[in-house]
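User: I would like to go through this model with you, one topic at a time. Here it is.

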Amino acid sequence: YRLQSDRFEAMALICEEFDKRIHQYFAQSRDFATSYSSPLPLPDYFQLIESHLEARHQRFRFGRLLEERAKQFRSIQKRLLTRFKDKTPAPLINLDTLLEGTYRQIMAVGEASEANEIIIKERANALAAGTKLLIHLVRLWVDLSEADFRLLETILCPQVDFLGEQGWEETVDAAISQMLKTSLAKSAREQSVSFSSGVRMAEDASKLKKHIALLCDRLKRGGKLSLVVFNAPIPRSEALVNGKEDSAGEEEESG
């Protein structure tokens, strides 16, 4: 079977429904199985990530510009009030014109920011649908079990939040990086657990795209997803302190 569309994310619902119906149709056949043999359409998926990240960067730029114009507007207001309160007011020197111009700039930036929020919502929905489709294709591509499929959904997260400060790109990149260092590590030497106090919005999506490609490649090579937890090494100073405390406790018990 062949499904085709001009937009990658538009096939998410169709593929899901098609897979559901074809399994229902061949439910009595024991030898029936579905698979995906073509290369994963990662370039199309990466375009969704880049467009979504660009809209988020635009939100940040609009917010910073609006903050600057608002600060300028308050400064001009204070200067005008000072001159109006003065018993011998000095000429305005076009401060009133500057105030009006700044106000118009604030309104224009605000309208552009509102339009960008609509774009973010649309691109977030497109990214969510594209992510759901990619997860489904990976499942067919490497024949994932139900447990691995659910875990992959947790990692790539097809729910894209467009309102929170912490974005989808940072969250997914952190989750994939953790998997690449634990259950999908090439060797035991590469296995490690790292904890970060916070994540920042990336300048571009190059790192995230590289990690997604690595994730798919290692799954194709037979890697298994699992929530692996390693015991963190105890610092030498703490070990010495604990050692002294333990030895002291033993002496008290023996006494």
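User: To start, where does Phe-8 lie relative to α1?

Analyst: Phe-8 lies in the segment before α1. Helices here are DSSP runs of H or I with at least four residues, strands are runs of E with at least two, and both are numbered from the N terminus. Please note that this is a predicted model, in which local features need pLDDT of at least 70 and side-chain atom pairs count only at pLDDT 80 or more, while totals for chains, interfaces and linings use all residues. Residues are numbered from 1 along each chain as its sequence is written, and side-chain values use heavy atoms, with hydrogens and water left out.

User: Is Phe-8 buried or exposed, and why?

Analyst: Phe-8 counts as buried because its relative accessibility is 8%. Buried means under 20% relative accessible area, exposed means over 50%, and partly exposed is in between, with a 1.4 Å probe and protein chains only.

User: Which residues does Phe-8 touch?

Analyst: Leaving out residues up to four places away in sequence, Phe-8 touches Pro-41, Asp-44, Tyr-45, Leu-48, Gly-130, Leu-133, Leu-134 and Leu-137. A contact means heavy atoms within 4.5 Å. Phe-8 and Leu-127 are 119 residues apart in sequence, with 9.8 Å between their C-alpha atoms.

User: Stepping back, how many helices and strands are there in the chain?

Analyst: The chain has seven helices and zero strands, which gives the pattern α-α-α-α-α-α-α along the sequence. Buried residues account for 31% of its 255 residues. Of the contacts between residues at least 6 apart in sequence, 73% join residues at least 24 apart.

User: What span does α3 reach, and what would be expected?

Analyst: With 48 residues, α3 reaches 67 Å from its first C-alpha to its last, close to the 70 Å expected at 1.5 Å a residue. The expected span is 1.5 Å times one less than the number of residues.

User: Which loop holds Cys-157, and what is its phi?

Analyst: Cys-157 sits in the loop between α4 and α5 (168–181). Cys-157 has a positive phi of about 55° although it is not a glycine. At 23% relative accessibility, Cys-157 counts as partly exposed.

User: Changing topic: which residues of the largest nonpolar core touch the most other members?

Analyst: Of the 42 residues in that core, these are Tyr-45, Ile-49, Val-138, Leu-152, Ile-176, Ile-212 and Leu-225. A nonpolar core is a set of buried Ala, Val, Leu, Ile, Met, Phe, Trp, Tyr and Cys residues joined through side-chain atoms within 4.5 Å. Two or more residues of this core come from each of α1, α2 (42–85), α3, α4, α5 and α6 (206–220). The element that gives the most is α3, with 11 residues.

User: What does Ile-49 touch?

Analyst: Beyond residues up to four places away in sequence, Ile-49 touches Leu-127, Trp-168, Glu-169, Ala-205, Leu-208 and Ile-212. There is also a second, separate core of six residues, including Ile-76, Leu-80, Leu-95 and Ile-106.

User: And the largest pocket: how much space lies in it?

Analyst: The largest pocket holds about 710 Å³. On a 1 Å grid over the protein atoms alone, a pocket is an open set of points where a 1.4 Å probe fits, with protein on both sides within 12 Å along at least five of seven lines; lining residues have an atom within 4 Å of a point. Grid points are joined across faces, edges and corners, and the volume is the space filled by probe spheres set on the points.

User: What lines the largest pocket?

Analyst: Its lining has 25 residues, and Tyr-1, Arg-2, Leu-3, Tyr-36 and Leu-137 lie nearest the centre. At least two lining residues come from each of α1 (11–25) and α3 (95–142), and α1 gives the most, with five.

User: Where is His-57, and what does it touch?

Analyst: His-57 is in helix α2 and, not counting residues up to four places away in sequence, touches Met-201, Ala-202 and Glu-203. His-57 counts as buried, at 11% relative accessibility.
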